[in-house]
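Reader: Could you take me through this model, with the cut-offs behind each term as we go?

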Amino acid sequence: MKKIALLTSGGDAPGMNAAVRAVARSAIYNGCKVYGVNRGYRGLIDGDLFEMELSSVGDIIHRGGTILKSARCLEFIEEEGRKKALNVLRVFGIDGLVVIGGDGSFKGAQKLSEMGFPAIGVPGTIDNDLAYTDYTIGFDTALNTVIDAISKIRDTSYSHERLSIIEVMGRHCGDIALYAGLAGGAEIIIIPESDYNEDDICKKLIQSKNRGKAHSIIMLAEGVGGSRDLAQRIKDKTGIESRATILGHIQRGGSPSAFDRIIASQMGAKAVELLINGKSSRVVGIKNNSIIDMDIHEALAMERKLDKDIYKLVDILSI
Ligand code: ADP
Ligand code: F6P
């Protein structure tokens, strides 16, 4: 393993830069040359690569976003696009690729591996939607951003004695809504993994109000959507004044938390170690506080399960 390339792909996540730094520095430490690819798979197809020095990743550990930029590249999903990318990798003499991204980006890495090119995945997404790892890089920071927002909304919700519905990111995975809901003291969690009954929600809100609870918070995941309409329907059914806030891309930015910087550093270094040891087609993760690696096919085949205990705990603690 002489030349390693790395890219960031899919939705950006705080901590991606810390992972980029870890890959670049540990590869150089181990005597490899490192190439940064701009704009994910788009840059790979376009040949937008540059050699990175130790200084290329200086002063980025604390920065959100990704210095390599990120993109969604439909051309790479087609075999023709991937052949172009493989050609670029060969022309530059690259021996292995580190892909920092979410499940879509991992599918791309998996396809490259199947075409014979060594690729390793590092989980970078705020969604925390990869079943094989306890945490993805960016989730912790996004969670803290959401909790900060909940606290602010809580102030005004209290003053006006309103219900606040807070819609957060997560199309298929409700982890941001669930864990921010637990940490933010929400009354109700609405996520794609679990059915809900609107009348039961209204009943809980009315009972809470009758017991003297002046305001409530509902966390709702983007995958369920419709927070503004839900606020109106709840108001119509219960008479409780309701407001919806969609947090949006604020959740994707900001300086990464200590936790995200730490796991990004560990995972980036692990990805390089795997390539140097001749491994391919693997993903890096964290399980029970240890950095792990796993076959990429196996990891992508794992079904993500809702933590029902946490879901129930939110309900119990918000009676
Ligand atoms: P994320 O990695 O955050 O899940 P996406 O799902 O948008 O984000 O995927 C990022 C990129 O990964 C896509 O734009 C595409 O280039 C590549 N990709 C996604 N799915 C596949 C696939 N099935 N085969 C090859 N490449 C894919
Ligand atoms: O995958 C990360 C994520 O932020 C999802 O939570 C969200 O559904 C999606 O990306 C938004 O993507 P875009 O940046 O293209 O609007």
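Author: Let me begin with exposure: buried means under 20% relative accessible area, exposed means over 50%, and partly exposed lies in between, with a 1.4 Å probe and protein chains only. By that rule K237 is partly exposed, at a relative accessible area of 44%. This is a predicted model, in which local features need pLDDT of at least 70 and side-chain atom pairs count only at pLDDT 80 or more, while totals for chains, interfaces and linings use all residues. Residues are numbered from 1 along each chain as its sequence is written, chains are lettered from A and ligands numbered from 1 in the order in which they are written, and side-chain values use heavy atoms, with hydrogens and water left out.

Reader: Which residue forms a salt bridge with K237, and how far apart are the closest N and O atoms?

Author: The partner is D199, with the closest N and O atoms 3.5 Å apart; a salt bridge here is a side-chain nitrogen of Lys or Arg within 4 Å of a carboxyl oxygen of Asp or Glu. Because D199 lies in helix α7 and K237 in helix α8 (residues 227-238), the pair ties together parts that are 38 residues apart in sequence. Helices (H or I, at least four residues) and strands (E, at least two) are DSSP runs, numbered from the N terminus.

Reader: How many salt bridges does the count come to?

Author: The count comes to 20 salt bridges. One of them joins the side chains of K213 and E187 at 2.8 Å, N to O. That pair links distant parts of the chain, 26 residues apart, with K213 in the loop between α7 (198-210) and β8 (216-221) and E187 in the loop between α6 (175-184) and β7 (188-190).

Reader: Which residues are joined into one network by salt bridges that share partners?

Author: Those are R42, D46, E75 and K84.

Reader: Changing topic, where is S157, and what does its side chain reach?

Author: S157 sits in helix α5 (residues 139-160) and is buried, with a relative accessible area of 2%. Its side chain reaches the backbone oxygen of R162 at 2.9 Å, and a polar contact of 3.2 Å joins it to the side chain of S164. A polar contact is a pair of N or O atoms within 3.5 Å; within protein, one must be able to donate a hydrogen and the other to accept it, and residues adjacent in sequence count only if both atoms are side-chain atoms.

Reader: And how does strand β10 pair?

Author: Strands pair if DSSP finds at least two bridges between them. β10 (residues 282-287) pairs with β5 (residues 119-123) in the parallel sense over two bridges, with I120 standing opposite R282. Six bridges also join β10 to β11 (residues 290-295), and these two run antiparallel. β10 and β11 form a hairpin with two residues between them, and N288 in the turn has a positive phi of about 45 degrees.
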